[in-house]
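Hi everyone, thanks for making time this morning.

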Amino acid sequence: MKKIIIFITLIVLLSACNQDSIQEPTFEDLKNHVHIVKSATDKGLFVNHTTYQYKENVKLRTKQGDKIEPSDIQAGSLIEYEDTGVVLESYPSQGTIKSVTLYDDQLSRKIEKGIAHFLTEDAINATIGYKLVALQNDLLIIEFTDYADNEKAYTATIDLETFEYEVTPL
C-alpha cells in the first residue's frame, strides 16, 4: 500500500513539474523573436521580404517540440525559422528553410487570428515585412511596408476581439 501511495505521489509531482516547464511567452518575447507569415503553402512560405521553399527534410515543430505539417503554418502564423544561409538577391528575395518553429500557445494563436483576418481583408494587400509593435488590452499594433516601395510604411491597429482594424501611414 505504501508503494502505491508513493507511486501516485510521484506521478502527481512529475506531472506538475512538466506543466510548469511550459511557459507561455509574453508579448515582448513574441515581439523580439517571432516573424509573421504573409502566406504559406505545402512547399514553402513568404515571410519578411523573402519567399522561402522548404528544404527536402525540413523540420517543422511547435514551440513545445510537437511535429507539425506545412498545412499547420498559414498566413498570420507566428514563427521562428532557420534558413540555409543562402538568399538570392532577387525581389522578393528567395531562400530555403531548414526548420520552422510555430508558436501555438494561447496568446500567439489569438494574435495569429487577428493578423490572418487582417491579411485576408486588407485592401492594401501589396504589403510585406510585418512586425509586431504593441499589444494594449485587445488592440494589436503591427507595422509593415509597401511591396513596391519599401519607403512607404504603415501601421495597423487590429482589435483582436472584433477583428476590426485601421491602417495608418507612417
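Helices (H or I, at least four residues) and strands (E, at least two) are DSSP runs, numbered from the N terminus.

Before going on, a word on what you are looking at. This is a predicted model, where local features need pLDDT of at least 70, side-chain atom pairs count only at pLDDT 80 or more, and totals for chains, interfaces and linings use all residues. Residues are numbered from 1 along each chain as its sequence is written, and side-chain values use heavy atoms, with hydrogens and water left out.

Back to Phe163, then. Its phi is near 65°, a positive value in a residue other than glycine. Most residues other than glycine have a negative phi, and most peptide bonds are trans. Phe163 is partly exposed, with a relative accessible area of 25%. For that term, buried means under 20% relative accessible area, exposed over 50%, and partly exposed in between (1.4 Å probe, protein chains only).

Asn137 also has a positive phi, about 60°, although it is not a glycine. Asn137 sits in the loop between strand 6 and strand 7, and at 76% relative accessibility it counts as exposed. Those two strands form a hairpin with 2 residues between them. Strand 6 and strand 7 run antiparallel and are joined by 7 bridges; strands pair if DSSP finds at least two bridges between them. As one example, Ile128 has Thr145 in strand 7 as its bridge partner.

Now for the peptide bonds. Tyr91 and Pro92 are joined by a cis peptide bond, with omega about 0°. You will find Pro92 in the loop between strand 4 (78-88) and strand 5 (93-102).

Strand 3 and strand 5 run parallel, with 9 bridges joining them, and Gln53 stands opposite Thr96 in strand 5. Thr62 lies in strand 3 (residues 50-62) and counts as buried, at 7% relative accessibility. Leaving out residues up to four places away in sequence, Thr62 touches Ile68, Thr101, Leu102 and Asp104, where contact means heavy atoms within 4.5 Å.

Finally, the interior. A nonpolar core is a set of buried Ala, Val, Leu, Ile, Met, Phe, Trp, Tyr and Cys residues joined through side-chain atoms within 4.5 Å. The largest one has 19 residues, of which Ile111, Ile115, Leu132, Leu140 and Ile142 touch the most other members. Helix 2 (27-33), helix 3 (106-121), strand 6 (127-136), strand 7 (139-146) and strand 8 (153-159) each supply at least two residues of this core. Helix 3 gives the most, with 4 residues. Beyond its neighbours within four places in sequence, Leu140 has contacts that include Phe27, Ile111, Leu132 and Ile158. There is also a second, separate core of 12 residues, with Val37, Tyr54, Ile73 and Leu102 among them.
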